Amino acid sequence: MIEVKGLVKTFTDGTGARVQAVNDVSFQVEEGRFYTLLGPSGCGKTTTLRCIAGLEKPDTGEINVSGTAVFSSASGAFVPPYKRAIGMVFQSYAIWPHLTVLENVAFPLRVSKEKLSSDEIRKRVGEALGQVEMSGLEDRMATQLSGGQQQRLALARALVRRPQVLLLDEPLSNLDAKLRERMRFELRELQRRLRITTLYVTHDQIEALSMSNTIAVMSSGVIVQEGGPRDIYMHPKTQFVAQFIGSTNQISGQIVNQAGENLGTVSTEIGQLSCSLMNGLKTGANVVVVVRPESLILHQQQPAHGGNLVEGKIAAAMFLGEYVDCSVEIGRVVLQTHQPHTFQVRRGQSVWVELPPGDCLALPDQN
Amino acid sequence: MSTVAIPRSARFSFPQVRDPALLIPLVGAGVLIYLAVLPLFMLLLGSFQMEVAPREFVTTFKNYQAAYASEYTYSTFMNSLIFASGSAALGFFFGGVLAWLTERTNTPLRAIFVPIAVVPLILPGVLESIAWIFLLSPKFGYLNVWLMALFGLESPPFNVFSLPGMIWVHSVGQVPLAFLMMVAAFKSMDPSLEESAMMSGAGTLQTLKRVTLRLLMPTCGSVLLILFVRTLESFETPALIGIPARIYVYTSEIYLAFNEYPPDYGRGAALAVGLLLLSAVGVWMYTRSTRESKKFQTVTGKAFRPRQFDLGRWRWVGFGFLGTYFLLVVLLPFLVLLWASFLPFFAAPSWDAVQKLSLENYRYLNGFRPFWDAMKNSIILALMTATAAMLLTSIIAWIVYKSRLPGSWILDFLAFVPITVPGIVLGMALILLYVAFPVPIYGTIWVLLIAYLTRYIPYGMRAASGSILQIHSELEEAAATSGASWWETFRRVTLPLLRPGFAAGWIYICIVSFREFSTSVLLATGDSRVLSILLFTMFEQGQVTVVAAIGILMILTLLAIVTVFYKLSGHVGIQG
């Protein structure tokens with residue numbers, strides 16, 4: 001397992017100003033679980049990963065890997081990267097071009113303190129390659145592999161030492177869309193099978209949502225929200241998280257009424273909306289109501305019943321195969337909706353939009 | 001511990017900085033300062049002295065007066081200016097046209113021309129000048145004799161002992177460099193830039209004018225600039241052709257100051273300082289202009305083939321140009337040297353002369369002790385310089401680009417200082433240094449080694465840093481996260497990946513050291529003579545055909561070194 005406490009790392013940029021890349025980050029990855037650091041470029045997720053790997057030396061904090069303190073600013077401990085029991089997959093794969101597939105995967109075994117025989121090494125490499133479905137390619141030069149194969153090679157190399165912790169730095173970002181879909185699935189299956197504690201870094205929310213046990217959304221060096229995929233998706237705690245995960249509609253307004261536990265009415269430009277309120281919000285607070293496009297239901301005639309019904313006009317409708325991306329104009333507000341692929345409308349047509357109160361969440365307005 | 005932000009691709013986290021590690025860049029800086037800066041300092045100092053090893057330091061401007069306010073100042077300046085501009089322009093013209101024909105058109109057989117164009121690099125500058133003297137000398141030059149006979153002319157059409165003659169001979173030696181640079185420029189042109197011009201309605205000629213040439217401008221500027229600076233610094237042609245023709249440029253003036261009796265070191269140093277400044281400005285402008293041209297290069301991850309111009313029937317004209325160039329400029333000088341080496345004395349081709357062909361010169365050289373000494377010195381110096389330079393620069397490149405040791409950028413700067421120093425200026429500076437501080441290496445092969453090493457460190461640095469920068473830091477980081485210590489990573493990952501750059505730098509330095517002339521001319525004496533100096537002195541003494549034989553042997557030796565090297569390394573491609 002991985003334990004990070006109070007991690008701080010600053011850099012000095014070209015002009016001499018200090019940049020706080022990681023600003024007091026703490027989290028825990030339980031044994032055998034898949035934990036993702038998710039966020040936009042510059043949020044500090046990769047720096048955090050590299051601190052855990054030992055490739056960066058943090059300013060303050062504590063990092064424990066499998067019970068060993070690999071870094072502690074309090075005690076001055078610092079274990080260099082090559083002494084940590086980790087496996088790492090880099091964004092660029094970092095495959096050594098002058099070595100064959102076999103030699104690439106065998107490298108960790110050859111430099112380890114434990115001297116293994118050539119046969120033993122060959123056997124272990126064969127096993128590792130088998131795990132990533134690359135058997136039989138041992139004697140090829142590493143540069144002769146395709147992108148997907150190189151990525152799997154990097155994975156095999158990271159796993160051959162049977163480390164206790166696996167670190168992955170945006171491993172799928174250099175693959176094309178179809179391959180990425182497949183690898184998401186395969187990586188997750190592999191991790192489950194091996195039950196290896198995994199820390200994954202990405203800016204792609206689909207990867208995060210589909211693969212992780214727990215997601216930590218990061219922004220500007222801090223963790224903004226931590227939780228399971230569904231939790232993060234359905235109950236974002238800030239505008240930033242709501243915007244970053246999936247696409248979302250945002251409607252500004254003010255709370256006019258509170259009715260019971262976290263429920264209330266918000267007065268907005270498109271009318272009064274019943275929705276869930278985030279903890280701590282009171283009447284009179286300025287809020288932003290967020291609702292996902294796939295939650296909105298469009299009716300061609302005014303429906304008899306349904307919460308939060310608003311009339312509007314179709315601004316655009318794009319057929320995307322899996323769904324129809326429909327934008328609806330209500331006054332000055334444009335709402336994005338996803339309708340079933342059978343939905344057919346024309347531009348300018350009148351529709352009724354239903355915003356189910358259970359799917360509407362009022363978050364503090366951060367503007 | 002404070003950290004310095006360097007772009008991610010350049011940083012790496014080992015070795016951890018402990019105080020003793022700070023010694024490494026200090027030692028490196030010390031070596032570089034000793035090699036690169038100290039001689040220049042002595043040069044500057046010496047230019048203000050009256051004597052070369054003064055007992056008291058008397059500052060005087062007399063030397064500068066002698067150098068820059070004499071009756072010859074104007075003619076030297078004009079000669080140097082015309083010589084340098086003419087060579088730059090002509091070298092650029094040939095290099096550019098040849099590069100364009102081979103890279104951007106469908107001229108037949110252009111693929112084999114690329115290695116052919118580079119072959120003249122094997123020909124040392126001194127030999128190039130000698131060969132053209134054989135061809136274009138007004139009294140005996142083969143081309144003159146032949147043309148006079150053919151057309152019944154009264155006076156020889158070409159006189160190599162003139163400024164145009166100097167320009168021609170020197171340009172021809174510069175064409176390989178111009179060619180390689182223009183080829184690189186053409187190769188890196190993104191075809192979609194021209195294609196979008198054509199899609200916007202521009203015809204071939206318009207595209208050429210508005211897009212192609214505009215994109216090439218910065219590179220053309222750089223090429224012209226570097227050719228200009230290199231001509232200004234050169235001494236082979238000014239020595240062999242200029243001096244007999246009484247056409248003096250800056251480098252010849254420095255040589256002459258040194259060759260007077262007693263040698264006027266002061267004036268020589270003053271001239272050297274002036275030339276150094278000119279050269280430094282030129283190199284600075286060149287660096288600025290290459291930075292500009294980088295902006296015009298499209299860097300994508302995808303490789304592309306530049307568009308070919310279809311010349312139609314004109315492609316045979318292109319072929320004719322390539323063929324003529326090859327025959328006239330590459331083959332002819334070599335053939336003339338070969339021919340002359342078999343003659344007892346210089347004579348035009350005729351049946352009479354054919355009967356006199358013999359191996360006499362070669363037999364003479366076989367027993368000629370100074371030849372073997374010079375050959376030995378040249379080979380030893382070439383091998384030692386190349387090895388020392390590459391080892392030193394590999395370590396320095398690693399310190400500059402891969403370690404996080406503070407202040408390592410100074411090493412990068414110091415390593416490139418010698419590129420602004422003309423060979424003859426360095427020779428002058430080293431003389432002043434070692435006569436003032438009599439370490440007993442003056443007059444031996446060791447001072448030549450130091451001189452060559454100093455001169456070629458920038459080239460070694462370029463090869464080594466190019467290689468080091470290509471080693472993505474994640475390749476070393478992956479080794480660390482796979483359990484390899486610093487030494488294991490260096491041994492198993494860094495060094496093998498450095499090998500191509502190391503090898504390329506090594507062979508290049510080996511070849512240029514073997515050919516070196518302008519530094520050696522002041523430093524090589526008696527025992528420490530090298531082949532290029534031997535050629536020069538024997539040619540001046542009139543033993544021209546023996547010189548041709550030495551030349552052929554030099555070329556063969558170089559070819560042998562290059563062949564052995566390629567066999568051993570199995571790599572291809574020397575990029576200058």
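How many of the 367 residues of chain A count as buried? The share is 39%, where buried means that 20 or more other C-beta atoms, placed from the backbone, lie within 10 Å of a residue's own, exposed means 12 or fewer, and partly exposed is in between. This is a predicted model, in which local features need pLDDT of at least 70 and side-chain atom pairs count only at pLDDT 80 or more, while totals for chains, interfaces and linings use all residues. Residues are numbered from 1 along each chain as its sequence is written, and chains are lettered from A and ligands numbered from 1 in the order in which they are written.

**View 1. Chain A as a whole.** The C-alpha trace of chain A spans about 75 × 50 × 40 Å along its principal axes. You'll find eight helices and 21 strands here; helices (H or I, at least four residues) and strands (E, at least two) are DSSP runs, numbered from the N terminus. Take the contacts in chain A with a separation of 6 or more: 65% of them join residues 24 or more positions apart. Being in contact means that two C-beta atoms, placed from the backbone, lie within 7 Å.

**View 2. An open sheet in chain A.** Six strands line up in the order E7-E8-E9-E3-E10-E11, with mixed pairing; strands pair if DSSP finds at least two bridges between them. E7 and strand E11 (222-227) of chain A sit at the edges, each pairing on one side only. On average, neighbouring strands are turned by 20 degrees against each other, direction ignored.

**View 3. Zooming in on that sheet.** Strand E10 (residues 214-219) of chain A and E11(A) pair in the antiparallel sense, over five bridges. Look for A:Val217, whose bridge partner in E11(A) is A:Gln225. Helix H4 (residues 147-159) of chain A packs on the sheet, touching E7 and strand E8 (165-169) of chain A. The direction of H4 makes about 170 degrees with that of E7(A); such angles run from 0 to 180 degrees between N-to-C directions, with axes fitted to C-alpha atoms, for helices over the stretch in contact.

**View 4. Where chain A meets chain B.** Chain A brings 23 residues to the contact and chain B brings 20 residues. On chain A's side, strand E1 (2-12), strand E7 (86-89) and helix H2 (101-111) each supply at least two residues. H2(A) gives the most, with three residues.

**View 5. B:Leu277 in its helix.** Helix H12 (residues 265-295) of chain B holds B:Leu277. B:Leu277 is exposed because it has 11 other C-beta atoms within 10 Å. B:Thr420 is 143 residues apart from B:Leu277 in sequence, and 8.4 Å apart in space, C-alpha to C-alpha.
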